[in-house]
Amino acid sequence: MKLKGKSILLTGASGGIGRAIAKRLAAQGAQLILVGRSAQFLHSVSRELHTKNSNGFVVEADITTDQGRDAIRTALVAMQRPLDCLINCAGINIFSLLDDIETERIEQLIATNVVAPILLTQITLPFLNKDDGRILNIGSSFGNLGYPGFSVYCASKFAQRGFSESLRRELSDTQIQVAYLAPRATNTSLNSKAVCDMNRELGNVMDEPDVVAQVVEKMLLSKKMSDRDIGWPERFFLKINSIFPRLVDGALRKQLSVIRRYAQGL
Ligand SMILES: NC(=O)c1ccc[n+]([C@@H]2O[C@H](COP(=O)([O-])OP(=O)(O)OC[C@H]3O[C@@H](n4cnc5c(N)ncnc54)[C@H](OP(=O)(O)O)[C@@H]3O)[C@@H](O)[C@H]2O)c1
């Protein structure tokens, strides 16, 4: 789809990947609806990208609350035109051994990464352009690969992938497309210093956010969106994991002492 003038609601717009996506889509002339918890921050992103020139605007909303989601619904009603695309990008992460994670943090992560995008998608569906509406869920390579130290985050991304796949099939007799994009580790504030140090020690590559944004742009520009994984050898590793998970168990077992050391902050 051509992006000029297309209305695109982007959650996580104040984050590393969200800002990079917003930049690319703004350059294409899309009308951006930037969602996040800090209006001040979003307004500064909006000013920097001149999104107002394309009638873009900001919605201050905590997507885990009814109030936040209502603010988004109200904005969609006020727009008085169909929404062309929803990008579920907001997310949080926990890097810790399961034993060490407080219940509230687990609940918060599931509320942010699973419940909120599902409810937001449900709210958005009636507003989506019936002729070529798009829903793009930003998942993770950890949505295909359980990784020690990230059990709750991985669970949330597996859930997001399942949701995407089911909804894509549920809407397959309509013109609304649903796709899932799985970035690998990316240099943003989502990753603590411990995660970055661990990735360095293990030789895990971390992309810059624009690598993800470029793929998002390509997916939206394409006539037919397909799910995408970013990165080599991650793609190969994910394939092996789906066919021979025991092989991957063995490979990760060798990294476990390093992962545990960083996850425990030792
Ligand atoms: N960085 C990576 O290594 C990596 C790899 C694969 C996939 N991903 C996925 O990419 C997406 C973006 O991550 P990122 O790396 O850009 O992270 P980030 O820089 O930490 O940004 C996270 C974004 O989520 C928003 N957010 C968090 N909780 C929210 C809430 N309750 N309500 C509204 N917004 C909320 C934040 O907005 P405010 O705090 O301003 O509200 C921020 O804009 C996530 O879904 C993440 O899982 C990241």
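Residues are numbered from 1 along each chain as its sequence is written. Because the model is predicted, local features need pLDDT of at least 70 and side-chain atom pairs count only at pLDDT 80 or more, while totals for chains, interfaces and linings use all residues, and side-chain values use heavy atoms, with hydrogens and water left out.

Q: Why are helices α8 and α9 called oblique to each other?
A: The axes of α8 (residues 234–243) and α9 (residues 245–263) cross at roughly 120° and come within 5 Å; axes are lines fitted to C-alpha atoms, for helices over the stretch in contact, and angles run from 0 to 180 degrees between N-to-C directions. Angles under 35 degrees count as roughly parallel, over 145 as roughly antiparallel, 65 to 115 as roughly perpendicular and the rest as oblique, and α8 and α9 are therefore oblique.

Q: What makes the contact between α8 and α9, and how do its residues divide by class?
A: On the α8 side are F237, I240, N241 and I243, and on the α9 side P245, L247, V248 and A251, where contact means heavy atoms within 4.5 Å. The residues divide into 7 nonpolar, 1 polar and no charged, given that Ala, Val, Leu, Ile, Met, Phe, Trp, Tyr, Cys and Pro count as nonpolar, Asp, Glu, Lys and Arg as charged, and the others, Gly among them, as polar.

Q: What makes β3 and β7 edge strands?
A: The open sheet has 7 strands in the order β3-β2-β1-β4-β5-β6-β7, with parallel pairing. Strands β3 (57–60) and β7 (228–229) each pair on one side only. Strands (E, at least two residues) and helices (H or I, at least four) are DSSP runs, numbered from the N terminus.

Q: What makes the peptide bond between W232 and P233 stand out, and where is P233?
A: This bond is cis, with omega about 20°, and P233 has its place in the loop between β7 and α8. Most peptide bonds are trans.

How values were computed:
Pairing = 2+ DSSP bridges.
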